[in-house]
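Here are a few notes to read alongside the structure, written for someone opening it for the first time. Take them in any order you like.

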Amino acid sequence: MSVRLTRGPFAYGDFGRRGRLDVVVGDTRQGRVHVYLERRDGGHAPAGLYLVDSPSSIVAADLDGDGFLDLAIASEPAGSVTVLNGLGDGRFRFLARYPVERAHHVNAVINTRGGVDLVVGSPENPVVLSGNGDGTFNRLHRTRSAHKKQDTSLTARERQVAQLAALGYRAGEIAARLTIGIRTVETHLEHVRGKLGVRSKADLVRVAALRIAFSVLSTDDRQSLDT
């Protein structure tokens, strides 16, 4: 049988661990996710059906480190991200569901510990689900609200400081590189933490690194770090 990919989101991967290209297709209207395994003749056979409210985006990645591909499925109407644990034979089991507003898109990003984080929403307002390495996640920071009166945009200098921090530079090294005082660097970092909604320096580094990866921080700022 042929697989039509016009109904909604989809993801590819070797879900059956047979060295073949399998596919997962989301049916937004019916609230379903279909799994199809590739046959020897290049066609695809249905292998499973899972109920997920209005899937809007799907990403396949090994979320728990067991060598099998799992699924993270974003649902904007339901305001959630559903995680399905891959069993390595083309089947999946429900693992967890996380409430996330405006969950119209999901990406998987390798974190500094070798695990996987999920970035949900738009690049301008991402919500980061921090992976624990076992397929479960903690919410790292919240999406900025359009109704929030506080100015959450970063200044050019704050972006530079945040990027250098994400690259592993310490406050003294950032100060020397940007020719500013250490206390000024610490003030900028405090402002960035407040605007990004994170509390610790470690969380700030991870959020800034994710924003760099998703090109949220400007290209000019990234190029300035190479000069």
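1. Just after helix 1, G168 adopts a positive phi of about 100°. Keep in mind throughout that this is a predicted model. The helix itself spans residues 156-166 and is mostly covered, with eight of its 11 residues buried. Among the buried ones are E158 and Q160, and the run from V161 through A162, Q163, L164 and A165 to A166 is buried too.

2. How many bridges join strand 3 to strand 4? There are seven, and strand 3, made of residues 32-38, runs antiparallel to strand 4.

3. The aromatic rings deserve a look next. The model has four aromatic pairs. In one of them, F10 and Y12 have ring centres 5.4 Å apart and planes at 75°, so this pair is edge-to-face. Both residues are partly exposed: F10 has a relative accessibility of 35%, and Y12 has a relative accessible area of 43%.

4. Y50 and F92 make another pair, with ring centres 6.0 Å apart and planes at 90°, which makes it edge-to-face. Because Y50 lies in strand 4 and F92 in strand 8 (residues 92-99), this pair ties together parts that are 42 residues apart in sequence. Y50 is buried at a relative accessible area of 16%, and F92 is buried at 7%. Ring pairs also bring in F15, which forms a cluster with Y50 and F92.

5. On charged side chains, the structure holds four salt bridges. One of them joins D22 to R18, with the closest N and O atoms 3.2 Å apart.

6. Another salt bridge connects the side chains of R39 and D41, at 3.1 Å from N to O. Here R39 is partly exposed, with a relative accessible area of 31%, while D41 counts as exposed at 59% relative accessibility. You will also find D89 and R91 meeting in a salt bridge of 2.8 Å, N to O. D89 is partly exposed at 37% relative accessibility, and R91 is partly exposed too, with a relative accessible area of 47%.

7. Finally, a glycine in a loop. G67 sits between strand 5 (57-61) and strand 6 (70-75), and G67 is partly exposed, with a relative accessible area of 41%. Which residues does G67 contact, leaving aside its neighbours within four places in sequence? They are R17 and D62. G67 and G86 are 19 residues apart in sequence, and their C-alpha atoms are 9.3 Å apart in space.

Methods
Residues numbered from 1 in each chain as written. Predicted model: local features only at pLDDT ≥ 70, side-chain atom pairs only at ≥ 80, totals over all residues. Heavy atoms only, no water. Pairing = 2+ DSSP bridges. Helix = DSSP H or I, 4+ residues; strand = E, 2+ residues; numbered from the N terminus. Buried < 20%, exposed > 50% of the residue type's maximum accessible area, 1.4 Å probe, protein only. Contact = heavy atoms within 4.5 Å. Phe/Tyr/Trp six-rings, centres within 6.5 Å; stacked < 30°, edge-to-face > 60°.
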